[in-house]
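Dear colleague,

Please find the structure below, handed over for your study. My notes on what was found in it follow.

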Amino acid sequence: MDRLRDHEIETLVERVRAGDQAAWVTLTDRYTGLLWSIARAMRLTDEDAADAVQTTWLHMVERLDTLRDPQRLGSWLATTMRRECLAVLRRRARQVPTDSWDDVTDDADPLDGALLRRERDVALWRAFRRLDQPCQALLRVLMADPPPSYREAAEALHTPVGSIGPRRQRCLGKLRTLMRAATCEIPSADASPGRP
């Protein structure tokens, strides 16, 4: 889906206020990827992320009639999602996890394209985890589908809009360097490719 212009977002919000279901679908399609990317950047589990996304949309519905600047809906959603993620993380800090990875099986794939893609993905995520936290957070937000605007990404990350592009280039450069270094390394025999 193409990026929506500010006036189109304002029109969609007005149509949603009037009860237009198609406008609601368009609006949620546009911003749900951004919300998920914020949850990933904050390292929420899939379940916690789904709850945070749902709660953020609920907050928007509750405040739909009082939104002062519908053109800044993406920024408002990003800020609301970030606050909800922080609330989830505070609640999680008070809980004691009981699940372990011991019960997870690692099914071997046949030697085909799927295995090669999996190995590439494992290497990519291994290199990704070696990036500093600001780069990881930025790239996670920008990986949303559809991609957020730089303004929305800047709002989600609390950083100036003008810094997003240059930081993105530097972070991708670091990731390329880490991937090149990884292709030169020989993996140990006991390495488990199934667990990045």
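The disulfide between Cys135 and Cys171 is left-handed, because the torsion about its S-S bond is about -80 degrees. A disulfide is counted here when a pair of cysteine sulfur atoms lies within 2.5 Å; in this pair the S to S distance is 2.1 Å. By this rule the count comes to 1 disulfide. The pair links distant parts of the chain, 36 residues apart, with Cys135 in helix α6 and Cys171 in helix α8. Helices are DSSP runs (H or I, at least four residues), numbered from the N terminus. Both cysteines, Cys135 and Cys171, are buried, that is, under 20% relative accessible area with a 1.4 Å probe, protein chains only.

Please note that this is a predicted model, in which local features need pLDDT of at least 70, side-chain atom pairs count only at pLDDT 80 or more, and totals for chains, interfaces and linings use all residues. Residues are numbered from 1 along each chain as its sequence is written, and side-chain values use heavy atoms, with hydrogens and water left out.

Cys85 counts as buried because its relative accessibility is 0%. Leaving aside neighbours within four places in sequence, Ile38 is in contact (heavy atoms within 4.5 Å) with Ala78, Met81, Arg82, Cys85, Val141 and Ala156.

With kind regards

Methods. Helix = DSSP H or I, 4+ residues; strand = E, 2+ residues; numbered from the N terminus. Buried < 20%, exposed > 50% of the residue type's maximum accessible area, 1.4 Å probe, protein only.
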